[in-house]
Amino acid sequence: MKNRNFKIVISFFCIWLTTLLSKEFQNISAFILILSFGILHGANDIVLLNKIKNVNKKSALLKFLFGYISVVLFTVMLFYFLPEIALFAFIIISAFHFGEQHWTGKFLKKTLIVKSFFFTYGFFILFLLFYFHQIEVTDIILKITNFKIPEEFITIPFFISLVLLILEGIYFVATNSNFKKIAILEVFHLLVFALIFKITGLMWGFAIYFIFWHSIPSMIDQVQYLYGSWDWNHFFKYCKSAFWFWLISIFGISVLYFIFKDEKLFDAMFFAFLAAITVPHVWVIINMFGTKKESEN
Ligand SMILES: CC1=C(/C=C/C(C)=C/C=C/C(C)=C/C=O)C(C)(C)CCC1
């Protein structure tokens, strides 16, 4: 089955599942998916970095590792000391990352307008989710930043990104024949996301998008980049090399859970943790896409 069909079939399966699952069960399923595939898709960053920079020396690898850990620690400190700025930066970086993953391979060249489209698309997806779960999102943001954002902080960016997305979409339909061919399908995807986000709980909706539309396609790209092609053997190799990093992340999250579970702060801490491991990951993936030859796109 083609990757694209898989994503649509699994999305409708999840929509059907949502009608059967209680909110608690949705949350548990979301955490299981995020902790397995979600974390796994970012757990091979060092291996990717090694291939991107094409170094085999241990000292160079240690240098990368040091840089990587510094970025993680910097993000943690930023969340601790300046949480508003950290969260704002996390949303901006994530928006670009989601958009880049979704659209890469569908554009020949990454011009400025294409990059701004990646950003608008990812931003719109995030705010579509937030729009349907304003109370919960506001609550988590309050726990992270100690600041209660007014409703407009969600609705205004949502509508602005919607308008920008439509304008940029019209521009590409008019100027890019490849884009024109897939435009209707992409609008259909957006309607599927809107349906998912509307009927699911916040975490479950986020997990469906994050896992099936982002993490799994990203892992397929990474396996192809690392081993030349996608097959199950290559995928097992990928899982094997990601294992230790994945385990350390799970250990970190478990520690957070035991510290914060009684204070109802866990959701907030969970996203701060996700941010800490996401920031270097986004940088690695931008580099990975950057070193892929244009003909591969
Ligand atoms: C869903 C959600 C949030 C944002 C999460 C983001 C932006 C996640 C990005 C993850 C990435 C990019 C992972 C790596 O690939 C907030 C604002 C914390 C509020 C509560 C709900």
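Which residues does UniProt list for "transmembrane region"? The unreviewed entry lists residues 32-49, 112-133, 153-175, 187-212, 242-260 and 269-290; such positions are given in the numbering used here, with feature names shortened, and the annotations may be inferred rather than shown by experiment.

## Model and confidence

This is a predicted model, in which local features need pLDDT of at least 70 and side-chain atom pairs count only at pLDDT 80 or more, while totals for chains, interfaces and linings use all residues. Residues are numbered from 1 along each chain as its sequence is written.

The protein has a mean pLDDT (the predictor's confidence in each residue, from 0 to 100) of 90, and 95% of its residues reach 70 or more. Over residues 293-297, however, the pLDDT is below 50, and this stretch has seven contacts in the model beyond near neighbours in sequence. Where pLDDT is low, the predicted coordinates should not be read in detail. For the complex, the predictor gives an ipTM of 0.95 and a pTM of 0.91.

## Two of the listed spans

Residues 112-133 are 95% helix and 0% strand, with end C-alpha atoms 32 Å apart. The span 187-212 is 92% helix and 0% strand, and its end C-alpha atoms lie 18 Å apart. Helices here are DSSP runs (H or I, at least four residues), as are strands (E, at least two), numbered from the N terminus.

## Packing of α4 and α12

Helix α4 (residues 58-81) packs with helix α12 (residues 266-291) at an angle of about 145°, their axes being 8 Å apart; axes are lines fitted to C-alpha atoms over the stretch in contact, and angles run from 0 to 180 degrees between N-to-C directions. Residues making the contact (C-beta atoms, placed from the backbone, within 7 Å) include Tyr 68 and Phe 79 of α4 and Ala 272 and Pro 280 of α12.

## Ligand shell

The ligand is surrounded by 15 residues, of which the closest are Ser 94, Ile 140, Phe 206, Phe 271 and Thr 278; a residue counts as near if its C-beta atom, placed from the backbone, lies within 6 Å. At least two shell residues come from each of α5 (83-103), α7 (134-145), α10 (202-227) and α12.

Note on methods
Two residues are in contact if their C-beta atoms, placed from the backbone, lie within 7 Å.
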